[in-house]
Amino acid sequence: MKIQERTGAGAGRSAVPAQPSVGDRLPTPPRERKPALAALAVLLILVGALGATMLVLQAGERIEVVKVTQAIPAGGSVNTSNSTPVMVAKDDSIHYIEWTQLDQLKKQKLKAVNAIPAGVVAVGEMFGDEAGVAAGKATVGLSLKAGQYPTGIKQGDTVAAYRVSSASGTGNSNSDSSSSASNSSVIVDSARVTYVPGPKDSGDEIVSSTNLAVTLTVDSDKAADLAQAASNGEVALVQVPGNSGN
C-alpha cells in the first residue's frame, strides 16, 4: 500500500520542467577584444589633434600684404587707390610688401621697375629707385596748365599729344582760326601716362596751383619733339582709346 500511495502521489505532479527563478540569468558568451581597432581609433584621434594644431599654427603665421587691383605702369607707384590688403601664409623666401609698408614705399619714392598687372601680389623686386624703360621708349615730363589736359587724367591712361600755338597778331577771326588750325599738329598719337599726382599726393612734386606735372612714356623718336613743344608750353593732351579705365 505504501508503494501505491507514493506512485499515485508522483503521478499527480506536472511533467513540465521547473522554470528558473526570476533572479537567475542565462550565461552570456565572453566579449571578443579587438586591440587593433582600439589602437587605430587612438591613432586617428592623435592625427586629428595634430592637424588642428597645424591649422592653428598656420593661421597664426599669416600676414597682410599688398595686392595690386589696378595695372601699374613702369615708373608708377602703388597706393591705396590701386591696391588692397590680402592675407597670405608667411614665407621668408618671398619678399612680400606688407600692407603696413605702403607708406614707406611712398616716402622712399620707389617706383615700379616694370609694368605690374592687376591681380598680382606685390613683392619687393617689383620696385626700385628708377623705373626701367622698355627698348625704343622714352619718358618725357610735362608741366601743363588747366585746359591743356583732360579732367580726371590719371596714371595708366593713354593720351595723344598735340602741338598747339595761338597765332599772334591782329587779324580777323577767320584768319586767326585758320592760322591756329594750321599750327596744330599731332606730336604723339599714343602715349602712356606714367605719372600724374593723385588727389592725396603731396611732396612728390612741387606743382603750382595752375600747372600739373605729367610724365609720359612715348616712342624714342617722338621724345625730342614732345620735349621741345612742352618747353614752349605748346602741348595739349587728349584721351584716346586704350585707357586703363579701371
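Partly exposed describes a residue whose relative accessible area falls between the limit for buried, under 20%, and the limit for exposed, over 50%. Lys 154 counts as partly exposed because its relative accessibility is 32%. The report that follows concerns a predicted model.

## Overall organisation and confidence

The chain has 246 residues, of which 24% are buried. Its secondary structure consists of 5 helices and 9 strands. Read from the N terminus, these elements follow the order α-α-β-β-α-β-β-β-β-α-β-β-α-β. Of the contacts between residues at least 6 apart in sequence, 71% join residues at least 24 apart. The accessible surface amounts to about 16700 Å², and carbon and sulfur atoms account for 55% of that area.

The mean pLDDT of the chain is 75, with 67% of the residues scoring at least 70. Confidence is highest in strand S6 (residues 158-163), at 93, and lowest in helix H4 (residues 173-182), at a mean of 44. Two stretches call for separate mention. Over residues 167-182 the pLDDT stays under 50, and the model has 4 contacts beyond four places in sequence for this stretch. Over residues 200-209 the pLDDT likewise stays under 50, and here the model has 13 contacts beyond four places in sequence. Where pLDDT is low, the predicted coordinates should not be read in detail.

## The pairing of strands S5 and S8

Strand S5 (residues 137-145) and strand S8 (residues 211-219) pair in the antiparallel sense over 9 bridges. Within this pairing, Gly 141 stands opposite Thr 215 of S8.

In a regular strand the side chains alternate between the two faces of the sheet.

## Salt bridges

How many salt bridges does a search of the whole structure find? The search finds 2.

| Asp 219 | Lys 137 | 2.7 Å |

The side chains of Asp 219 and Lys 137 meet in a salt bridge. Asp 219 belongs to strand S8 and Lys 137 to strand S5, so this pair ties together parts that are 82 residues apart in sequence. Asp 219 counts as partly exposed because its relative accessibility is 34%; Lys 137 is likewise partly exposed, at 37%.

Asp 157 is buried, with a relative accessible area of 0%, whereas Lys 154 is partly exposed at 32%.

Is Lys 111 buried or exposed? Lys 111 is buried, since its relative accessible area is 17%, under the 20% limit. This residue is located in strand S3 (residues 111-112). Beyond four places in sequence, Lys 111 is in contact with Gly 75, Gly 76 and Ser 77, with Met 126, Phe 127 and Gly 128, and with Tyr 195.

Val 240 lies in the segment that follows strand S9 (235-239). Not counting residues up to four places away in sequence, Val 240 touches Thr 158, Val 159, Ala 160 and Asp 189. The C-alpha atoms of Val 240 and Thr 158 are 6.0 Å apart, although 82 residues separate the two along the chain.

## A nonpolar surface patch

Leu 37, Leu 40, Leu 43, Leu 44 and Val 47 make a nonpolar surface patch of about 490 Å². Leu 37 is placed in helix H2 (residues 35-60). Leu 37 counts as exposed because its relative accessible area is 51%, over the 50% limit.

Terms used:
Residues numbered from 1 in each chain as written. Predicted model: local features only at pLDDT ≥ 70, side-chain atom pairs only at ≥ 80, totals over all residues. Heavy atoms only, no water. Helix = DSSP H or I, 4+ residues; strand = E, 2+ residues; numbered from the N terminus. Contact = heavy atoms within 4.5 Å. Patch = residues over 30% accessible without salt bridge, like charges linked within 9 Å, V, L, I, M, F, W, Y side chains within 5 Å. Areas by Shrake-Rupley, 256 points an atom, 1.4 Å probe, with all protein chains shown as cover. Salt bridge = Lys/Arg side-chain N within 4 Å of Asp/Glu carboxyl O. Buried < 20%, exposed > 50% of the residue type's maximum accessible area, 1.4 Å probe, protein only. Pairing = 2+ DSSP bridges. pLDDT = per-residue confidence, 0-100.
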